[in-house]
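Dear colleague,

I am passing on the structure below, together with notes on what turned up when I went through it. Please read the notes with the structure open beside them.

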Amino acid sequence: MSDQALRVTCPNCVALIEFPVVSRNNEPNNQTLHSGSCGACSHLIDLQVAGNQVPADPHSFANRQRAVSLLQPNESSVESVLFDALQLFRCNWKVLLSVSCLTTLIWFVLVAWPCSKLSDLWTVAQQDATQIPTFVLATLMVVCVGILTTAYTTSVMARMTLAVARYGRGRNQAPVRFAPGSDAMPSRGSLSVPPRVLFHMTLFMLFVAVMMGMLLVVGVGVMIAFMLVLPFPRETATLVGTFSVGCVYFVLIFALQWLLWPSVCLIADGRSSFGQSLQQSFALSWVHRRVSLKVVTFYFLLSTVGALLLYIGQAITTPIASLPLAVAYLRMTGGQTALDPTE
């Protein structure tokens, strides 16, 4: 993802906007752009003045309340989000699928395959107690590598989809470059991840793993309670307990995805640290709760289909499911996409 883009705060609605270019090929003599419009409220911005100022915090409570009162965001625009994501996927499917297949392969080699070997080691440890310390040590290593690998692959895909949403080929887009006389073109992402982004994404994945572990422990406890309390045979009580806990577990996981998905974009975009992203994620998901709920539902369903089709299906469905999140994130934060008009 390019670091050459200009990020400014809209003086009218306090939206944080990224202008990826400062000149266009079709302008006479490649003259530098002096103004741009806010993607959230269409306010005209003097880029030379705004570029020399320190951007206001668009996620502070006072600024966000002002932005919401000014913009009156339309929460029923999920159809346009999905349509724009489909348009972007059609124009950029090769790079998206290539990166998705590569990250899926990396995750399989470093996470999925070691996990399958752990099950074999557990079988050996059950027969030979002296192998239990080896199993515990191997489990800790797999968990550490798994969290770091998941953070890396998630960062790559999030940065790629954000880059495609911002700079990917769209309709009615003139060729662009960053400065007069420069051949530098907007990047659609890369496999490299800045250390700061990887660090905070790893903390986020560790937080998610701890939350999932706590939910699992509570679920097992409730299931055992069902078996002991319900006046049914052991098999019936186990079935009822498993079904009840499974339903609650499903709802809680979906709720976490709904409230936390902007954190991945905020961290991958380099806007927030781990702690800040959690607070800002809750604020974004709640202010735009309807469109957020719809795009997360789309992502959840498509990701489930991909998981059922194993790794090949997951590699195909991941970019299709992630692009609406990237487009929605830019819309929710006042950003611009490759499909927005350049004038």
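This is a predicted model: local features need pLDDT of at least 70, side-chain atom pairs count only at pLDDT 80 or more; totals for chains, interfaces and linings use all residues.

Residues are numbered from 1 along each chain as its sequence is written, and side-chain values use heavy atoms, with hydrogens and water left out.

The patch covers about 880 Å² and is made by Leu102, Leu105, Phe108, Val109, Leu110, Trp113, Val145, Leu191, Leu310 and Tyr311. Patches here consist of residues with over 30% relative accessible area and no salt bridge, like charges being joined within 9 Å and nonpolar side chains (Val, Leu, Ile, Met, Phe, Trp, Tyr) within 5 Å; accessible areas come from the Shrake-Rupley method with a 1.4 Å probe, and for residues only the protein chains shown count as cover. Helix 3 (78–127) and helix 9 (310–332) each supply at least two of the patch residues. Leu110, which lies in helix 3, counts as partly exposed at 38% relative accessibility (buried means under 20% relative accessible area, exposed over 50%, partly exposed in between).

The chain as a whole has nine helices and six strands, and 40% of its 343 residues are buried. It exposes about 18,200 Å², of which carbon and sulfur atoms supply 68%. The unreviewed UniProt entry annotates residues 95–114, 134–152, 197–228, 248–270 and 291–312 as "transmembrane region", although such annotations may be inferred rather than shown by experiment. In the model, the span 248–270 is 91% helix and 0% strand, with its end C-alpha atoms 34 Å apart, and the span 291–312 is 95% helix and 0% strand, with its end C-alpha atoms 29 Å apart.

Leaving aside residues up to four places away in sequence, Val295 touches Val78, Val81, Trp261, Pro324, Leu325 and Ala328, a contact being heavy atoms within 4.5 Å.

Three salt bridges were found in the whole structure, each defined as a side-chain nitrogen of Lys or Arg within 4 Å of a carboxyl oxygen of Asp or Glu. One of them pairs Arg331 with Asp84, the closest N and O atoms being 2.7 Å apart, and links helix 9 to helix 3 across 247 residues. Arg331 is partly exposed at 31% relative accessible area, whereas Asp84 is buried at 6%.

Arg166, Asp269 and Arg271 are linked in a network of salt bridges. Arg166 and Asp269 come to 2.9 Å between their closest N and O atoms; because Arg166 lies in helix 4 and Asp269 in the loop between helix 6 and helix 7, the pair ties together parts that are 103 residues apart in sequence. Arg271 meets Asp269 at 3.2 Å, N to O. Asp269 is buried, with a relative accessible area of 4%, and Arg271 is buried as well, at 15%.

With kind regards

Key
Helices (H or I, at least four residues) and strands (E, at least two) are DSSP runs, numbered from the N terminus. Buried means under 20% relative accessible area, exposed over 50%, partly exposed in between (1.4 Å probe, protein chains only).
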